[in-house]
Amino acid sequence: MATADLALVQRRRWTPTVVLQGLQRLLHTAMFEATITGRRVGPPPQLVLATRYLPGFRRIPTRLVALGPRPEHAPAFARRPAGLV
């Protein structure tokens with residue numbers, strides 16, 4: 001793989017990486033910092049309500065962490081044939 005190809009990959013992945021790391025920092029501040037410093041016990045009440053009454057809400061952070069804001073797809077040559085999965 002040439003340096004130019006690697007630069008393209010890096011450029012493609014930079015923004016999703018920054019978005020996901022920003023989200024992780026926000027979650028850390030909102031959820032863990034207040035608990036660790038003793039300002040709050042347990043998760044934020046708004047988060048508890050959202051997960052309780054909005055069933056799809058739980059999937060959003062899970063999907064973002066697992067796949068990122070811009071999921072990558074393997075090119076056709078790298079995929080398994082349909083019958084071998």
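L49, Y53 and L54 make a nonpolar surface patch of about 340 Å². Patches join residues with over 30% relative accessible area and no salt bridge: like charges within 9 Å, nonpolar side chains (Val, Leu, Ile, Met, Phe, Trp, Tyr) within 5 Å. A salt bridge puts a side-chain nitrogen of Lys or Arg within 4 Å of a carboxyl oxygen of Asp or Glu. This is a predicted model, where local features need pLDDT of at least 70, side-chain atom pairs need 80 or more, and totals use all residues. Residues are numbered from 1 along each chain, and side-chain values use heavy atoms, without hydrogens and water.

**Helices and loops**
- The protein has 3 helices and 0 strands (DSSP runs: H or I of at least four residues, E of at least two, numbered from the N terminus).
- L54 sits in the loop between α2 (45-53) and α3.
- Just after α3, G68 takes a positive phi of about 85°.

- L54 is partly exposed, with a relative accessible area of 48% (buried is under 20%, exposed over 50%, partly exposed in between, with a 1.4 Å probe and protein chains only).
- Of the 85 residues in the protein, 7% are buried.

**Overall shape**
- The protein has a radius of gyration of 19 Å, while a compact globule of 85 residues would be near 12 Å (taken over C-alpha atoms; the globule rule is 2.2 Å times the number of residues to the power 0.38).
- Its C-alpha trace spans about 50 × 35 × 15 Å along the principal axes.

Terms used:
Areas by Shrake-Rupley, 256 points an atom, 1.4 Å probe, with all protein chains shown as cover.
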